Amino acid sequence: MNVSLPPHLDTYVRDLVQGGDYGSASEVVRDGLRLLRQKQEQDRAVATIQRLMADGLESPVVRMTRVDLRDMIGQQMEWVQEAGQAS
């Protein structure tokens, strides 16, 4: 695979490699893609939490206490953190 970068990104990648942060341009790209995947997974998890909360607020019958809601949000946030660590 061959990737073309605009000059400012090419310079940035070269600076990271020359600065010793990465061993090669491929490592920079791999790390960037890993972070992108992690962010996308977290964004999906946050969107799910927001949807669930909105659904709950729009529900005519609320059967959840504040403690239940806190626990549910805590479980979802743990999932977000685990998803981020798995990437």
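Guide: Ser 26 is found in helix 2. The model in which it sits is predicted.

Visitor: Why is Ser 26 called partly exposed?

Guide: The relative accessible area of Ser 26 is 42%. Buried means under 20% and exposed means over 50%, with partly exposed in between. The value of 42% falls between those cut-offs, so Ser 26 is partly exposed.

Visitor: Why is Gln 50 called exposed?

Guide: Gln 50 has a relative accessible area of 52%. The cut-off for exposed is over 50%, so Gln 50 counts as exposed. The place of Gln 50 is in helix 2.

Visitor: What separates the C-alpha atoms of Ser 26 and Gln 50?

Guide: A distance of 36 Å separates these C-alpha atoms, and the two residues are 24 residues apart along the chain. For Gln 50 and Ser 4, which are 46 residues apart along the chain, the C-alpha atoms are separated by 37 Å.

Visitor: What are the dimensions of the box that the C-alpha atoms fill?

Guide: Taken along the principal axes, the box is roughly 60 × 20 × 20 Å.

Visitor: How much of the protein chain counts as buried?

Guide: Of its 87 residues, 13% count as buried. A residue is placed in that group because its relative accessible area is under 20%. The accessible surface of the protein chain comes to about 7200 Å², and carbon and sulfur atoms hold 54% of that surface.

Visitor: How far apart are the mean positions of the positive and negative charges?

Guide: They are 4 Å apart, for 10 positive and 13 negative charges.

Visitor: What makes up the lining of the second largest pocket?

Guide: The lining has 13 residues, and those nearest the centre of the pocket are Val 13, Val 28, Val 29, Gly 32 and Leu 33. Helix 1 (7–18) and helix 2 (25–58) each supply at least two residues of the lining. Helix 2 gives the most, with six residues. The space in this second largest pocket is about 220 Å³.

Conventions. Residues are numbered from 1 along each chain as its sequence is written. This is a predicted model: local features need pLDDT of at least 70, side-chain atom pairs count only at pLDDT 80 or more; totals for chains, interfaces and linings use all residues. Side-chain values use heavy atoms; hydrogens and water are left out. Buried means under 20% relative accessible area, exposed over 50%, partly exposed in between (1.4 Å probe, protein chains only). Accessible areas come from the Shrake-Rupley method with a 1.4 Å probe; for residues, only the protein chains shown count as cover. Lys and Arg count as positive and Asp and Glu as negative; His and the chain ends are not counted. The place of a charge is taken as NZ of Lys, CZ of Arg, CG of Asp or CD of Glu. On a 1 Å grid over the protein atoms alone, a cavity is a set of points where a 1.4 Å probe fits but cannot get out, and a pocket is an open set with protein on both sides within 12 Å along at least five of seven lines; lining residues have an atom within 4 Å of a point. Grid points are joined across faces, edges and corners, and a volume is the space filled by probe spheres set on the points. Helices (H or I, at least four residues) and strands (E, at least two) are DSSP runs, numbered from the N terminus.
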